[in-house]
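Subject: Structure handover

Hello,

Here is the structure I promised to pass on. Please open it next to this email as you read.

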Amino acid sequence: MDGKEFMERLRKEISKAVVGKDDVIELLTVALLSEGHVLIEGIPGVAKTTIAKAFANAIGLSFSRVQLTPDLLPADIIGVVYYDQKTGQWRTKKGPIFANIVLADEVNRAQPKTQSALLEAMQERQVTIEGTTHTLPEPFLVIATMNPLEHEGVYVLPEAQLDRFLLKIEIGFPDREEEISLLKRKSLGEFYEVEPIVTHEELIGLIGQVKRVKVSDEVIEYIYSLVSATRADERLLFGASPRAGEHLLFASKAAAFLDGRDYVIPDDVKKVAVPVLVHRLLLKAEYELEGIRVRDVILDVLRETEIPV
């Protein structure tokens, strides 16, 4: 199965449970195949959990959901060692982090040490419980959500932690046709269970194919030019980090693969540039007051950066 066929089959299967959101599903697939993680920003009720669960089911992966709250401790996510009185032995109880896809709901509601434990697991792909290291399942994808309307009782993720997410996806209201279709299908009960379209071995094989996608020197220089341009933009307090360039490269390879190619073209880079960069850049206050958004700066950079022939 090539990338294009995989994407088409995945969209068709997920449509049993989700109306529209093709762009979100494609970006989640880009993150999975790039072995990265995703930050989703959206108000309650826009199907963040439904999409994540349907996505996990369609690719036959284990799924867990963690509702993050201020009183949640790292052990609640990672796991604990406890004494079993029945057997007289110490046992390890693994936390919800031990799943292929982990939905960390309202990640900015957790206290900083709990956020750090989650992000450490994302980075290292392993956790340590009472001195013993446990490897996390493969593949491993964290989908963290944030509510843009919440400002009280939240702990803002530092820029260094935001930089660990491959992509940020912003989910808004559905358009008129999608919402009417949603209501009609709800009325008729036309939502069904999502079934796996690939085996675990096939999925690991697809990830391996993405790693083998070729990138020319010209495209690599184009990626560097985009990242470098953000560092020189006077509207930003700071530009994209070297990790941002790496993530832009990895996401571009996955986008090319899902388009049925084994090589990256500049359009692949442009396609993923906004979700890869939008959460890594910080506007100066005066430009924010003028109504300029980080997204606008990225689009300007894409327009002004010379595209390799």
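This is a predicted model: local features need pLDDT of at least 70, side-chain atom pairs count only at pLDDT 80 or more; totals for chains, interfaces and linings use all residues.

Residues are numbered from 1 along each chain as its sequence is written, and side-chain values use heavy atoms, with hydrogens and water left out.

The sheet

Helices (H or I, at least four residues) and strands (E, at least two) are DSSP runs, numbered from the N terminus. Five strands make an open sheet, in the order E2-E5-E8-E1-E9, with parallel pairing. Two strands count as paired if DSSP finds at least two bridges between them. E2 and E9 (167–170) stand at the edges with a single partner strand each, so one side of each has no neighbour in the sheet. The twist averages 20 degrees from one strand to the next.

E2 (residues 63–67) pairs with E5 (residues 101–105) over five bridges. Gln67 has Asp105 as its bridge partner in E5. At E9, four bridges join the strand to E1 (residues 38–41). There, Val38 is partnered by Leu167.

In a regular strand, side chains alternate between the two faces of the sheet. E2 has a covered face with Ser64 and Val66, and an uncovered one with Phe63, Arg65 and Gln67.

Helix H3 (residues 48–58) lies across E1, E2, E5 and E8 (141–146). H3 runs at about 170 degrees to E5 (axes are lines fitted to C-alpha atoms, for helices over the stretch in contact; angles run from 0 to 180 degrees between N-to-C directions).

The cores

A nonpolar core is a set of buried Ala, Val, Leu, Ile, Met, Phe, Trp, Tyr and Cys residues joined through side-chain atoms within 4.5 Å. Buried means under 20% relative accessible area, exposed over 50%, and partly exposed in between (1.4 Å probe, protein chains only). The largest core has 72 residues. Phe6, Leu33 and Leu248 are among those with the most contacts inside it. A second, separate core of 28 residues includes Leu68 and Met122.

Helix H9

Which residues of H9 are buried? They are Val219, Tyr222, Ile223, Leu226, Val227 and Thr230. Seen down the axis of H9, they fall within an arc of 125 degrees (taken from the directions from the helix axis to the C-beta atoms), so they line one face. On the other side, Asp217, Glu221, Tyr224 and Ala232 are exposed.

Best wishes

Conventions:
Contact means heavy atoms within 4.5 Å.
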